[in-house]
Amino acid sequence: MTLDKLKEACLALPGAWLCNPWAEDIVAKVGPRIFAYLGEEARPSVTLKCAPLEGDLLHARYPCITPPPAYLRRDLYVRVPLNEGVPDELILALLEQSYRLIYHNLTRAQKRAVEDGAHEQPRRANKGP
């Protein structure tokens, strides 16, 4: 699996889009929420949301699948290298699962916007005192 193929797979999901929120980092979003963190070209990987405890099971079968960076919950995310023996089919299945988990937690308004083809949701105005 290459980063380019992974980007194509991300964009094939309904309402998904790519952006660079932190300089060179690329993420895939549905609505305003990230469902995939794409790793750098030198060490291609993807960090995805998973079901609780699934990360431990994946790591037991594929030791190259590791916990995510410190800023993500270890029990809900995994880092999957793209060229270290994890089958492409599994990577794509995990990508779709991450998308579904994130989409499921969108608000009704955010889901409607995704279905209508909108990308980012407008930010609410601060209703100060």
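Predicted model: local features only at pLDDT ≥ 70, side-chain atom pairs only at ≥ 80, totals over all residues.
**Entry 1, the largest pocket.** I looked up which elements supply its lining, and I found that H1, strand S2 (26–30), strand S3 (33–38) and S4 each give at least two residues. The volume of the largest pocket comes to about 390 Å³. I wrote down that 18 residues line this pocket, and that Asp25, Tyr37, Leu38, Gly39 and Glu40 are the ones nearest its centre.

**Entry 2, the aromatic rings.** How many aromatic pairs does the structure hold? I found two. In one of them, the ring centres of Phe35 and Tyr99 are 5.3 Å apart and the planes stand at 90°, so I call this pair edge-to-face. Since Phe35 belongs to strand S3 and Tyr99 to helix H3, the pair ties together parts that are 64 residues apart in sequence. In the other, the rings of Tyr99 and Tyr103 have centres 6.1 Å apart and planes at 15°, which makes the pair stacked. Tyr99 and Tyr103 are four residues apart in helix H3, and therefore about one helical turn separates them. I noted that Phe35, Tyr99 and Tyr103 form one aromatic cluster. Is Tyr99 buried or exposed? Its relative accessibility is 8%, so Tyr99 counts as buried, and Phe35 is buried as well.

I next went to the loop between helix H1 (3–11) and strand S1 (16–19), where Leu13 lies. Leu13 has a relative accessible area of 12% and is therefore buried. Leaving out residues up to four places away in sequence, I listed Phe35, Leu95, Glu96 and Tyr99 as the residues that Leu13 touches.

Ser45 is in strand S4 (residues 45–49), and because its relative accessibility is 6%, I recorded Ser45 as buried. Among the residues Ser45 touches, not counting those up to four places away in sequence, are Leu3, Tyr37, Gly39 and Arg79. Glu84 sits in the loop between strand S5 (77–81) and helix H3 (88–104), and at 42% relative accessibility I put Glu84 down as partly exposed. The C-alpha atoms of Glu84 and Ser45 are separated by 9.5 Å, although the two residues are 39 residues apart along the chain.

Key
Residues numbered from 1 in each chain as written. Heavy atoms only, no water. Buried < 20%, exposed > 50% of the residue type's maximum accessible area, 1.4 Å probe, protein only. Contact = heavy atoms within 4.5 Å. 1 Å grid on protein atoms, 1.4 Å probe; cavity = no way out; pocket = protein on both sides within 12 Å on 5 of 7 lines; lining within 4 Å. Points joined across faces, edges and corners; volume = space filled by probe spheres on them. Phe/Tyr/Trp six-rings, centres within 6.5 Å; stacked < 30°, edge-to-face > 60°.
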